[in-house]
Amino acid sequence: MKKLRVYSLALAMLFVLTVLGGCGSKTEKWAYDYEPTEAVIALSEDGKATYKGNEYTYTKDDTYITLKDENGEQQKIRYEMNGDKMTLYEESTYTRSGSGDGVVGNWLQGNGWSYVFTDSGEFSEENIFFGHYTLDEEKSRIKLMYNDPMEDAYLYYTLNGDKLTVAYPWPMVRVQ
């Protein structure tokens, strides 16, 4: 009988230590670098994720985080790691306004955001930021070189008729 009490006590202590020590999986939480305390994406070791307040399951390779919602819908988000920092490429789709060929043209979104790419290699972003761009069709990438003292940006893109989808780079940091 005494052995049973000792085993019961040992199991009870093990249970308490497990609960107090936390038996959940580790979660990486990432925020935009300009808002380091607000998590945008959280990735748990158990395959669960939260992105912009929505719940998903996820898989990850060296290029994409693939989110799957409860209905089985998938969303792939390109990302790049650089040490302890991550760049998340969030997609937005623009519609060509007027004429143009390839990425050249005036591109608009319903919310007023815009890009203008000229055939002479100049661009305008939101009619606020200006500079020059180069196009790497093989990598489906546009390099934006700003006139202002800003870091160059690489946008990944897909073009489908008069629809331009760009994956814009957002520097991320671990939530503080």
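View 1. The side chain of Arg96 lies 3.0 Å from the backbone oxygen of Gly102 and 2.6 Å from the backbone oxygen of Val104. This is a predicted model, in which local features need pLDDT of at least 70 and side-chain atom pairs count only at pLDDT 80 or more, while totals for chains, interfaces and linings use all residues. Residues are numbered from 1 along each chain as its sequence is written, and side-chain values use heavy atoms, with hydrogens and water left out.

View 2. Arg96 belongs to strand β7 (residues 85-97), strands being DSSP runs of E of at least two residues, numbered from the N terminus. Its relative accessibility is 11%, so Arg96 counts as buried (under 20% relative accessible area, 1.4 Å probe, protein chains only). Among the residues that Arg96 touches are Asp101, Asn106, Trp107, Leu159 and Asp162, leaving aside residues up to four places away in sequence (contact: heavy atoms within 4.5 Å).

**View 3. Lining of the largest pocket.** Of the 33 lining residues, Ala153, Tyr168, Pro169, Trp170 and Pro171 are the closest to the centre of the largest pocket. A pocket is an open set of points on a 1 Å grid over the protein atoms alone, where a 1.4 Å probe fits, with protein on both sides within 12 Å along at least five of seven lines; lining residues have an atom within 4 Å of a point. Strand β7 gives the most to this lining, with 8 residues.

**View 4. Confidence in the model.** The protein averages a pLDDT (the predictor's confidence in each residue, from 0 to 100) of 88, and 86% of the residues score at least 70. Over residues 1-22 the pLDDT is below 50.

Notes:
Helix = DSSP H or I, 4+ residues; strand = E, 2+ residues; numbered from the N terminus. Buried < 20%, exposed > 50% of the residue type's maximum accessible area, 1.4 Å probe, protein only. Polar contact = N/O pair within 3.5 Å; in protein donor to acceptor, adjacent residues only side chain to side chain.
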